[in-house]
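Please open the model in a viewer and keep the selection panel at hand. The stops below follow one another as a sequence of selections.

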Amino acid sequence: MRHIILLTDFSETARHAAAYALNMFEGRNVRFYLFHAYDVEFSGSPYVMRVKEEMAEESRKSLKRELAALHSDFPNSRIEVASRFGPLVDVLIKEVEGGHIDPDLLVMGCRGESALENFLLGSNAFDVIKHVHLPILAIPRNAPLQTPQKMVFATDLKTIDQDMARPLFDLVSSFESELLFVNVMEDDYINRLDAEEKIAEFFPGVQLSFYFLEDADVCNSVCSFTEAQAGDMVVLVRHNYSFFERVFHPSITKKMVLHPQFPMFILHAR
């Protein structure tokens, strides 16, 4: 059974991301955890301790309301609520390293215009991506509820290994998705044939294709390629420094995450 965390700040953006995941895995053997983290500074003060208790109660009440809203649309989904005290990244790392949930996937929303909806965005979202070594599904608010049929894997073709590829293989196999590898070429030489043969070993039975692009604007070329190919999800690797750090350069961050065009499946290399 898969265990999937649905990260929420009770915004419409977070609810849409949760609905996307619930729709995507509907009818499958999955247990979802609607997860909220709350924190307060100076926790040693008696006054702040009262505030902490009030925040805990409000978190539980809000989770129950959110659960009822999701269950109204997905009545057969197995959803539990999880409220945790502490900084978001810290509590998520604890769950990954041996907490109660033992998650296989983290789902979070991206893009929000209001102050509330910005809770999961900006540096907070990137701290999650940077420090929580778990496959992450980041869903834009306008993404249609659908299963991924054609996924575009933006990569330099150098850092893919079996452990990193396994979550993606499980996903594309489960949905019989087509997987398109796209490399925005750099100055470094790549033996394309060797790279393609090695990668194909990690995805047996999956329909694969490989593309090579030349464009100084990595973000634009990946988005344009995905749109031209009618792709419905983009795959990125967090520890693929030579590529990922170019994509998530501060000048491109706003375009890729705050104003994304496609859902993103983010992996972590070992």
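How many salt bridges does the count come to? The model is a predicted one, and the count comes to 6 salt bridges.

**Salt bridges**

Select Glu66 and Arg15 first. Their side chains meet in a salt bridge, with 2.7 Å from N to O. The pair links distant parts of the chain, since Glu66 belongs to helix H2 (residues 46-73) and Arg15 to helix H1, 51 residues apart. Colour the two residues by accessibility. Glu66 counts as buried because its relative accessibility is 4%, whereas Arg15, at 29%, counts as partly exposed.

Glu80 sits in strand E3 (residues 78-85) and Arg31 in strand E2 (residues 30-38), so the pair ties together parts that are 49 residues apart in sequence. Glu80 has a relative accessible area of 32% and is therefore partly exposed.

Return to helix H2 and select Arg60 with Glu57. This salt bridge has its closest N and O atoms 2.9 Å apart. The two residues are separated by about one helical turn, because they are 3 residues apart in helix H2. Arg60 is partly exposed, with a relative accessible area of 41%, and Glu57 counts as partly exposed at 33% relative accessibility.

**The sheet**

Switch to a cartoon view and display the strands. In what order do the 10 strands form the open sheet? The order is E3-E2-E1-E4-E5-E10-E9-E6-E7-E8, and the pairing is mixed. At the edges are E3 and strand E8 (208-213), each of which pairs on one side only. From one strand to the next, the twist averages 25°.

Select strand E10 (residues 264-267) within this sheet. Both of its faces are covered: Met264 and Ile266 on one side are buried, as are Phe265 and Leu267 on the other. Strand E5 (residues 136-140) pairs with E10 in the antiparallel sense over 3 bridges, and Leu137 has Phe265 as its bridge partner in E10. Strand E9 (residues 233-237) pairs with E10 in the parallel sense over 4 bridges; here the bridge partner of Val234 is Met264.

Two helices can then be shown against the strands. H5 lies across strand E1 (2-7), E6, E7, E9 and E10, and runs at about 150° to E10. Helix H7 (residues 218-228) lies across E6, E7, E8 and E9, running at about 150° to E7.

**The nonpolar cores**

Which members of the largest nonpolar core touch the most other members? They are Phe153, Leu168, Phe203 and Phe265, in a core of 48 residues. Helix H1 (residues 12-24) supplies the largest share of this core, 7 residues. A second, separate core has 36 residues and includes Leu7, Ile101, Val222 and Phe262.

Centre the view on Phe203 and display its contacts. Leaving aside residues up to four places away in sequence, Phe203 touches Ala165, Leu168, Phe169, Val172, Leu179, Phe181 and Leu208.

**A buried loop residue**

Select Leu157, in the loop between strand E6 (150-154) and helix H5 (162-175). Is Leu157 buried or exposed? Its relative accessibility is 11%, so Leu157 counts as buried. Beyond residues up to four places away in sequence, Leu157 touches Phe181, Asn183, Ile190, Ala195, Ile199, Phe210 and Phe212. A distance label between the C-alpha atoms of Leu157 and Asn183 reads 7.0 Å, although the two are 26 residues apart in sequence.

Not counting residues up to four places away in sequence, Glu178 touches Gln149, Lys150, Met151, Gln207 and Ser209.

Terms used:
Residues are numbered from 1 along each chain as its sequence is written. This is a predicted model: local features need pLDDT of at least 70, side-chain atom pairs count only at pLDDT 80 or more; totals for chains, interfaces and linings use all residues. Side-chain values use heavy atoms; hydrogens and water are left out. A nonpolar core is a set of buried Ala, Val, Leu, Ile, Met, Phe, Trp, Tyr and Cys residues joined through side-chain atoms within 4.5 Å. Buried means under 20% relative accessible area, exposed over 50%, partly exposed in between (1.4 Å probe, protein chains only). Contact means heavy atoms within 4.5 Å. Two strands pair if DSSP finds at least two bridges between them. A salt bridge is a side-chain nitrogen of Lys or Arg within 4 Å of a carboxyl oxygen of Asp or Glu. Axes are lines fitted to C-alpha atoms, for helices over the stretch in contact, and angles run from 0 to 180 degrees between N-to-C directions.
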